[in-house]
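The following exercises are to be worked with the sequence and the model at hand. Each task is followed by a solution in steps.

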Amino acid sequence: MASENINIENTAAKYSSPKPKSGFTKENLKKKFRFSEFFAEKIITMVAFLSIAVIVLIFLFVFRETLPIFKASPVQTIVNNEQLVPESYSSRDTELKPETYGEINTSESNELKPEQYGVITDTITSESENISFYDEEPNRNIANENNNQGAWKTFNTKDWYPVSDNPRFGFWPLIVGTFKVTIIAILIAAPIAILAALFTSAFASRRLREIIKPAIELLASFPSVVIGFFALMVMATFFQDVLGYSSRLNAFIGGAAMALAAIPVIYTITEDALSAVPKSYTEASLALGANKWQTAFFIILPAATPGIFAALLLGIGRVFGETMIALMATGNAALISANPFDSVRTLSATIGAEMAEVVFGDTHYSVLFLIGSLLFIFTFMLNAIAEFYIKGKLIRKIQGR
Amino acid sequence: MRNKKDIKGAFIIGITASSVILIISIILLIAGIIIYGSRESFSWEFLTSFPTDGMTKGGILPAIIGTAIMVIIMSVAAVPFGTITAIYLTEYASEKSILAKIIRFAVRTLAVVPSIIFGLFGLGFFIKFVGQGMDNVFLGGELKWAQPNILWASLTMSLLTLPVVIVSVEEALRNVPKDLRQASLALGATKWQTIRKIVLPSSVSGILTGTILAISRGAGEVAPILFTGAAYYLATLPESVSDQFMNLGYHIYIMSTQSSNVEQTLPIQFATTLVLLMLTFLLNLTAIILRSRLRKKII
């Protein structure tokens with residue numbers, strides 16, 4: 001081992017300094033080439049690329065599954081005969097494992113009843129369906145030949161009936177539902193979180209701040225399934241008793257529950273932005289005779305506006321992609337209405353509820369991945385805006401340029 | 001005039017203080033109601049027995065063990081990669097390098113990608129691409145890896161928790177004083193030796209904090225494992241990484257929305273929620289204490 005090292009160093013020395021001289025010459029002070037150093041640096045750099053690679057891979061692989069929708073096919077049929085005639089599967093692929101097909105049949109018996117759709121208890125009926133459908137190739141071939149043509153045309157409709165005889169994939173009810181829940185959640189979360197952040201950074205003493213900050217950030221550690229459970233079992237019943245609306249699970253309950261998830265996000269970033277406002281601002285304001293609250297309200301808050309805006313964007317992103325709370329507390333009915341007390345179905349909940357019962361390679365499967373791509377692109381852009389535009393603006397504003 | 005201002009000020013301080021009180025009381029309310037709801041069903045037997053009678057009675061042992069196994073595999077995957085990325089960002093990359101900026105942006109993006117997207121990615125990449133590939137190459141098309149299992153679920157979860165690890169470790173590495181590094185370099189140690197012998201040992205508690213936070217996040221998330229490995233009910237514990245597993249969060253979701261007798265199993269649901277909440281709470285508390293100790297030690 002040792003001799004090897006010396007060899008490597010000797011060869012390296014040959015290249016860097018042919019004649020070793022004594023004293024602090026330029027040649028002597030030059031960094032020696034060391035294999036372990038070189039190796040460590042390269043490996044660390046390569047691993048650091050992983051995060052970039054993951055982002056790229058997520059985009060590629062989520063998008064890859066949506067491709068069947070975009071493939072043009074000569075046959076133009078909207079009615080999905082394959083789902084009506086389950087026998088065609090077994091006749092075609094006798095050599096494949098019978099278990100997978102048996103399970104597909106159970107799902108098809110569900111798929112023939114569109115009325116059940118939208119009721120949360122019907123989305124997954126048995127444990128077997130969770131395990132099923134991972135043998136995708138034969139289904140995919142069939143799907144490519146017959147299933148995918150109508151999907152395009154139905155995107156712009158008001159009906160989301162993915163498992164009826166004549167499947168329609170209208171995105172509008174899902175998009176309207178998602179935005180309804182998001183708006184309700186942000187309307188509840190933003191004022192509470194921003195005011196709480198203002199109190200923490202402007203009025204609270206140092207000791208009090210050290211208690212409040214971790215306490216509120218503790219809310220961020222609540223798993224979303226716990227908040228969803230609380231909304232489903234406690235909040236839904238309570239608010240129905242107080243407000244007396246008809247459907248127990250609705251956009252308001254979902255929004256209120258998601259506000260609980262968004263509050264710590266908005267709070268933390270707003271608090272950071274408020275604390276980042278230079279002390280000289282506060283001191284100048286106080287020196288000019290302003291009160292503590294006037295300084296907080298008219299100096300600190302306006303100076304931190306871009307940061308607060310970034311906090312809101314990230315809060316929106318959090319609510320927009322929230323799945324478990326949406327699945328458990330929004331009622332999951334794909335309706336378009338302006339009433340906040342109607343049930344809604346959000347984009348992410350649609351993926352969560354329907355992916356488990358969908359046939360691999362089916363149009364429905366691809367459409368769910370398309371929804372996933374949309375969600376991904378939307379949150380990516382929100383984050384990019386929050387990152388580049390607003391942070392740059394905040395820095396410029398504070399530096400007075 | 002003076003008086004009016006004081007009233008206004010008191011009003012503003014009052015309204016901001018009351019929103020703080022509101023948030024903290026909501027936290028206490030959620031915790032209190034969940035503890036109250038599980039007062040009868042929560043016991044030692046509940047933690048250490050299998051579900052019985054079609055999941056209407058019995059305990060949640062398989063869900064606890066399933067979650068634990070998933071979290072362990074997840075940490076094994078996420079912590080080394082997260083730590084190395086953090087080392088790159090703090091030790092090797094210069095402040096102005098574009099590459100480091102892109103990596104940072106990727107990490108922050110990864111932190112805000114909705115968890116359901118990770119689930120889709122796990123399905124599309126691990127199960128359908130890697131798993132299918134492994135089956136085709138090693139097993140000649142036999143179905144083994146191209147289906148949901150605990151390995152794919154854990155790896156999916158490790159991607160989700162990667163930014164958590166990176167951010168905490170990076171903070172810990174930045175807190176290591178420059179003097180230590182310079183002293184080591186001045187004594188003739190190389191950069192890699194300095195990192196290995198000086199920087200990493202003095203940021204162990206930061207790495208530990210990152211691991212704990214990642215575990216807490218991973219234990220609570222359900223969306224990524226919905227279709228990458230979680231099972232509704234299993235009579236046995238997972239025996240290998242190619243088995244499915246039961247998970248605490250998924251158990252809550254299934255019991256409260258998909259089960260046929262939600263009312264009857266309500267105490268069990270509350271108790272399961274309490275277990276999950278206590279788990280994440282204790283983990284976070286440990287992380288907070290560790291972190292504040294770390295800050296004190298450095299300053």
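**Exercise 1: Burial and make-up of the chains**

Task: State what share of the 299 residues in chain B is buried, and list the helices and strands of chain B.

Solution. Of the 299 residues in chain B, 49% are buried; a residue is buried if 20 or more other C-beta atoms lie within 10 Å of its own, exposed if 12 or fewer, and partly exposed in between, with C-beta atoms placed from the backbone. The model is predicted, local features need pLDDT of at least 70, side-chain atom pairs count only at pLDDT 80 or more, and totals for chains, interfaces and linings use all residues. Residues are numbered from 1 along each chain as its sequence is written, while chains are lettered from A and ligands numbered from 1 in the order in which they are written.

Next, chain B has 11 helices and two strands, where helices (H or I, at least four residues) and strands (E, at least two) are DSSP runs numbered from the N terminus. From the N terminus on, the order in chain B is α-α-β-β-α-α-α-α-α-α-α-α-α. Chain A, for its part, has 21 helices and two strands, and 44% of its 401 residues are buried.

**Exercise 2: Two bent helices**

Task: Determine where α12(A) is kinked and where α6(B) bends.

Solution. Begin with helix α12 of chain A, residues 172–203. Its 32 residues reach 45 Å from first C-alpha to last, close to the expected 46 Å; the expected span is 1.5 Å times one less than the number of residues. A kink of about 25° lies at A:Ala189, shortly before the proline A:Pro191; the bend is the angle between axes fitted to the seven residues ending at a residue and the seven starting there. Because 24 of its 32 residues are buried, α12(A) is largely enclosed by the rest of the structure.

The bend of about 40° is at B:Thr161, and the proline B:Pro163 follows within four residues. Here 22 of the 26 residues are buried, so α6(B) is also largely enclosed by the rest of the structure.

**Exercise 3: The largest nonpolar core**

Task: Identify which residues touch the most other members of the largest nonpolar core.

Solution. The core has 191 residues, and A:Ala231, A:Ala262 and A:Ile266 touch the most other members. A nonpolar core is a set of buried Ala, Val, Leu, Ile, Met, Phe, Trp, Tyr and Cys residues joined through C-beta atoms within 7 Å. Helix α15 of chain A (residues 251–276) gives the largest share, 17 residues. Leaving aside neighbours within four places in sequence, the contacts of A:Ile266 include A:Ala189, A:Ala193 and A:Leu312; two residues are in contact if their C-beta atoms, placed from the backbone, lie within 7 Å.

**Exercise 4: Where the chains meet**

Task: Describe the contact between the chains, and find the partners of A:Glu387 in chain B.

Solution. The contact takes 78 residues from chain B and 76 residues from chain A. On the chain B side, helix α1 (residues 2–37) supplies the largest share, 16 residues. A:Glu387 is in helix α21 (residues 363–399) of chain A and touches B:Phe105 and B:Arg108, not counting residues up to four places away in sequence. With 18 C-beta neighbours inside 10 Å, A:Glu387 counts as partly exposed.
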